[in-house]
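This report covers the domains, the sheet, the nonpolar cores and the chain contact of the structure shown below.

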Amino acid sequence: MKARALGRLTAMNVMLTLEYRAAVSVFILNSVARPVISLLIWLTVSDQGVRLPYGRGQLVTYYVVLGVVSMLTATWLDETLPQHIRLGGLSPWLLRPAPYVFYYISENLGQKLVNLSTLLPLVLVVAFAFRADLRLPTSPLPWLIFAASLPLAMAIRFLLELVLCSLAFWVEDVEGVLALQSVLGAFLAGQYIPLALFPPSLSGFLDAQPFRYTLSFPLEVLMGTLSAGALASGFAWASGYCLVLWCCCRLPWRSGLRAYSATGA
Amino acid sequence: MTAIDVSDLGKTYRYHHKDPGLRGSLSSLFRRQTLEKCAVVGVSFAVEAGAVVGFLGPNGAGKTTTLKMLCGLLYPSHGAAQVLGFTPSRREPAFLRQISLVMGQKAMLWWDLPAMETLLLHKEMYSIPSGQFRQTVDDLAELLDVGPLLRVQVRKLSLGERMKMELLTALVHRPAVLFLDEPTIGLDVVSQQRVRDFLRQLNREQGTTILLTSHYMADIEALCPRVLLIDQGRLHFDGSLATLVERAAPPKLLSAVFARPVPDAAIAAALNGLPLQPTDDPLRIRVAVPREQTAAVAERLLHAGRLADLSIEDVPVEAIIRGIFSETATGGGLQ
C-alpha cells in the first residue's frame, strides 16, 4: 500500500509541478546559469596563470555536473513545511493513514522528475560547448560509485532540513535559520567554490562537515580525485550523518507533534 | 456500542501577549509574556455508534479544539479520549482508516488538480478495492450531484461545489466516525439543504456516527437529536434539543390584530406589565409572553377588544440558543 500511495503522491506532485511551467523554466535557467558563470570566472582566473588545485578539465567537469547533482540533492522543505506547521497545513497529512513525511518525499521526487527532464537537455548543451575540456569517466566503476553516493547525499540534505524545519513547532519564525543554513550549506557543500580550492589548512574541517556529502563528495567521486581510503572514509562519514540525522529527526518531530496546535485547520 | 468516549478532556494553549503597534513589537522582542488559555476544560461525554450529535457553542467555545483532539490532531493537556477503542493522539493507521474530519473550507483536496486525483490517492492510502472505489465514488457523486465536476480543477469550482467535493473525499473510504466542523459554512440555502439531506441519508444507510459543529441552527435541528452545549471550554448541556429548549424556558410570541382601536390602558391591563414589541400597524400588538402566562394573557386580550386575528408562536430555536449563549457568557445559563 505504502509504495503505491507514494507512487500516486509523486505522480500528483509531477502534475502539480507541470501546472507551473514558468516557475520551472526560471528555476532551470538559474540552475544552469549559476554554475556556468562560476565556471567562466574560474577559467578566467586559471587563464591568468593563477595555480589552482584543479586543472581546466577538472573545473569544467565539476561545474558541468554540479547543476545535475545540485538538482538531484535539492530540497524545498523550507518553502512549505514551516508554514504547514505554523498555519495548520500539516493537518490533512496527519489525518491520513500514511506517514506525513510521504507527502514531503513525494513533493521532492515530483519536482525533481520535472526539473531534471528540463535540466538535462540544457546541461547537455553546456557539456557540448565545453566538450574539449570535459573529463567524464569512461569506465563504469566511477559511475557506479557516483550513483551510490547520490542517495546518501539526497538523504542527508532532506533529513537535515527536516530537523531544522521541526523548529517551527516551537519558534514563530524559522525562515531565518533556514536561510542561514541554505547559504552556509551551499558554501560548505562546494556550490560556489569547489572545496578543493579552499586553503589546505581547512581540509580536515571540510572533510568532516556534513554539507560536503550533499554535493562535493559525489562530484569528487565522479572526477576520480579521491584515493580508495578517502572514498571509504567519505562513505563512512556520509552513512554516519544519515544515521545521526535520522535519529535526530525522530525526537523533535515526536515532541513537536505534541506541541502542534493545528491552527485554523 | 460506544463509538466516542471522552473523560475529563482538556486542552490548554500557550500564547504570547503583544501590545499593539511597533512599540509593542519591540518590547515583546526583549520581554515576552507567555499566557495560557484553557480552550477545553474537563469535558466528558459518550456517543453511541450510529448517533448524530451536534456540538453547539459560540466562537472560541472549544468545539473545534475538542474535534481536533478526537481525531488525533491535538494532544490533550489532560483527560482521556477513546474513539472506536483507539486513543486518537496515537494516530494509529487502523484508527485513521476509520475516521474522517471535514473542516469547513480547509482542504483535503489539492487546489490545482481535479478532485478525482485526490480520490485516487485515497484509494491507495486506504487500500480501497477498485470495484468498491468506483461504486462509492459513483454513489456519492450522484447523491451530491457533482459527477461532472470530478475532473475539473478544484480551484475552478464554486464554494459549494468544493465543500461537496470535500465531503465526497472524506467519505470515500466509508469512515465509521465522521467529524464535521461547520460543513455548511458559506453555502447557499439550497446547497445547505442538500448537504443536510446527504448526511441524514449517510447516517441512516451506513450507520455512520456523526459529530457535527455548526453555527447554523438549521443544521442542528435537521440532523441532531442530541446536542452538546459547550462554552468557555466547559460542557453546559448534554441532551436532546427539545430538552435544551425546554430548559431554556423561552417565551411564546403572541401577536394580536384588533378589528378597531383599543385604549392603551385596556391593552396594558391585559398584558399585565409585559413590554410590547414595536409593530408598523397601530391595530397590531406583539409581545413575548412567559409560557405559563400565555393562556391567561390571550384570554385577557380577547376581552380587551374585538380581535381580527390572534397567533401564538414559539421563538425560533436560533434565538433561544443565542439567549443561552449570552446567559452563559454573563455567568448565568442552564440550570
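## Domains of chain B

Domain bounds here come from an automatic or database domain assignment. The model is predicted. Chain B is divided into domain 1, made of residues 2-9 and 46-246, and domain 2, made of residues 251-314. Between the C-alpha centres of domain 1 and domain 2 of chain B the distance is 45 Å.

## The three-stranded sheet

Chain B holds an open sheet of three strands in the order E2-E1-E4, with antiparallel pairing. Strand E2 (33-48) and strand E4 (78-83) of chain B are at the edges, and each has a single partner strand, so one side of each is left without a neighbour in the sheet. On average, neighbouring strands of this sheet are turned by 25° against each other, direction ignored.

Strand E1 (residues 2-17) of chain B runs antiparallel to E2(B), and twelve bridges join the two. B:Thr12 stands opposite B:Cys38, which belongs to E2(B). Across E1, E2 and E4 of chain B lies helix H2 (residues 63-70) of chain B, which runs at about 120° to E1(B).

## Nonpolar cores

The largest nonpolar core has 131 residues, of which A:Ile156, B:Leu168, B:Phe179 and B:Leu211 touch the most other members. The element that gives the most to this core is helix H7 (residues 140-165) of chain A, with twelve residues. Apart from this core lies another, of eight residues, including B:Ala256, B:Phe258, B:Ile285 and B:Val297. In soluble globular proteins, nonpolar side chains tend to be buried together.

Which residues does B:Leu211 contact, leaving aside its neighbours within four places in sequence? They are B:Ile4, B:Val47, B:Val53, B:Phe55, B:Leu67 and B:Phe179. B:Phe179 is also named with B:Leu211 among the residues that touch the most other members of the core.

## Contact between chains A and B

Chain B contributes 24 residues to the contact and chain A contributes 20 residues. On the side of chain B that touches chain A, the elements that give two or more residues are helix H3 (93-96), strand E5 (99-103) and helix H4 (115-125) of chain B. H4(B) gives the most to this side, with five residues.

How do the residues of the side of chain B that touches chain A divide into nonpolar, polar and charged? There are 16 nonpolar residues, one polar and seven charged.

How values were computed. Residues numbered from 1 in each chain as written. Chains lettered and ligands numbered in written order. Predicted model: local features only at pLDDT ≥ 70, side-chain atom pairs only at ≥ 80, totals over all residues. Core = buried A, V, L, I, M, F, W, Y, C linked by C-beta atoms within 7 Å. Buried ≥ 20, exposed ≤ 12 C-beta atoms within 10 Å, placed from the backbone. Helix = DSSP H or I, 4+ residues; strand = E, 2+ residues; numbered from the N terminus. Contact = placed C-beta atoms within 7 Å. Pairing = 2+ DSSP bridges. Axes fitted to C-alpha atoms, helices over the stretch in contact; angles between N-to-C directions. Nonpolar A, V, L, I, M, F, W, Y, C, P; charged D, E, K, R; others polar.
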